[in-house]
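Q: Could you walk me through this structure? I would like to begin with the overall picture and then move to the details.

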Amino acid sequence: MTGKALVPGRGRKPKPTAVKKRQGNPGKRKLNENELVSEQLTIDTSPPDDLNDDGIVMWHFVLKELCPQGIVLKTDLETVANYCIAYQNRKTANADIKKYGSTIESDSGLKRNPAYTTLKEAMADMAKFGSLLGLDPSSRSRLMSNADTQSSNPFAELFQ
């Protein structure tokens, strides 16, 4: 084997160059200076028209949390929107299950409420898009900076 991935897209996803710079490039590898650079999203960015009230609430929450970290760019706009759409679908499915119960009456008798399928798909979408945005613990730890913890080491001066 050559040590290179034979199937594209497999393996660990690369860290963005901005995150590596914030962390002080701990691997000391050459940084990708040709990485696509886009303008950062701001907290004031308007939500898309296809979000309902629940989606808009989540839109503002996500931007309020991620924009100060400087990791959400305008190219991530659709990922944030998709996360918010998945959130509003989850809320709608939950409300449907609460209103009609876990089973519904059909011509062939009782059957499982179809909202469970919507709920399951929405939760999977939230996990997928949330991971891309760093909203789950493992993704967040991958994106967080270690630079602040390194500067607080009282023994760091001895090694310089």
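Q: Before we go to the overall picture, a detail: which residues of α2 are exposed on the other side of the helix?
A: Asp53 and Val57 are exposed there. Please keep in mind that this is a predicted model.

Q: And which residues of α2 are buried?
A: They are Gly55, Met58, Trp59, Val62, Leu63 and Leu66. Seen down the axis of α2, these buried residues fall within an arc of 130 degrees, so they line one face of the helix.

Q: What covers them?
A: The cover over the buried residues of α2 includes α3, residues 77-100, and α4, residues 115-133.

Q: Now the overall picture. How many helices and strands does the chain have?
A: The chain has 6 helices and 2 strands. Along the sequence, they follow the pattern α-α-α-β-β-α-α-α.

Q: What share of the chain is buried?
A: Of the 160 residues in the chain, 24% are buried. The accessible surface comes to about 11800 Å², and carbon and sulfur atoms account for 53% of that surface.

Q: What happens at the start of α2?
A: A side-chain oxygen of Asn52 reaches to within 3.0 Å of the backbone nitrogen of Asp54.

Q: Which side chain reaches the backbone nitrogen of Asn52?
A: The side chain of Gln88 does, at 2.9 Å. Gln88 is found in helix α3.

Q: Is Gln88 buried or exposed?
A: Gln88 counts as buried, because its relative accessibility is 8% and the cut-off for buried is under 20%. Apart from neighbours within four places in sequence, Gln88 is in contact with Asp50, Leu51, Asn52, Asp54 and Gly55.

Q: Which other residues of α3 are buried?
A: Besides Gln88, the buried residues of α3 include Thr79, Val80, Ala81, Tyr83, Cys84, Ala86 and Tyr87, together with Ala93 and Ile97. The cover over the buried residues of α3 includes α2 and α4.

Q: How far apart are the ends of α3?
A: The end C-alpha atoms of α3 are 35 Å apart. Its 24 residues should span 34 Å at 1.5 Å a residue, which agrees. Following α3 is Gly101, whose phi is positive, near 90 degrees.

Q: And α4, which residues are buried there?
A: In α4 they are Ala115, Leu119, Ala122, Met126, Phe129, Gly130 and Leu133. Viewed down the axis of α4, the buried residues fall within an arc of 110 degrees, so they line one face of the helix. Following α4 is Gly134, whose phi is positive, near 80 degrees.

Q: Where does Thr117 lie?
A: Thr117 lies in helix α4. Thr117 is partly exposed, with a relative accessible area of 46%. Thr117 and Ala93 are 24 residues apart in sequence, and their C-alpha atoms are 8.7 Å apart in space.

Q: Let us turn to the loops. Where is Thr45?
A: Thr45 is in the loop between α1, residues 17-22, and α2. Thr45 counts as buried, at 18% relative accessibility. Leaving aside neighbours within four places in sequence, Thr45 is in contact with Trp59, Leu63 and Leu77.

Q: How many salt bridges are there?
A: The count comes to 1 salt bridge. The side chains of Lys74 and Glu39 meet in a salt bridge, at 3.8 Å from N to O. Lys74 lies in the loop between α2 and α3 and Glu39 in the loop between α1 and α2, so the pair ties together parts that are 35 residues apart in sequence.

Q: Why can such side chains pair at all?
A: Side chains of opposite charge can pair when their charged atoms come close.

Q: How accessible are Lys74 and Glu39?
A: Lys74 is partly exposed, with a relative accessible area of 42%, and Glu39 counts as exposed, at 54% relative accessibility.

How values were computed:
Residues are numbered from 1 along each chain as its sequence is written. This is a predicted model: local features need pLDDT of at least 70, side-chain atom pairs count only at pLDDT 80 or more; totals for chains, interfaces and linings use all residues. Side-chain values use heavy atoms; hydrogens and water are left out. Buried means under 20% relative accessible area, exposed over 50%, partly exposed in between (1.4 Å probe, protein chains only). Helices (H or I, at least four residues) and strands (E, at least two) are DSSP runs, numbered from the N terminus. The arc is that of the directions from the helix axis to the C-beta atoms. Contact means heavy atoms within 4.5 Å. A polar contact is a pair of N or O atoms within 3.5 Å; within protein, one must be able to donate a hydrogen and the other to accept it, and residues adjacent in sequence count only if both atoms are side-chain atoms. Accessible areas come from the Shrake-Rupley method with a 1.4 Å probe; for residues, only the protein chains shown count as cover. The expected span of a helix is 1.5 Å times one less than its number of residues. A salt bridge is a side-chain nitrogen of Lys or Arg within 4 Å of a carboxyl oxygen of Asp or Glu.
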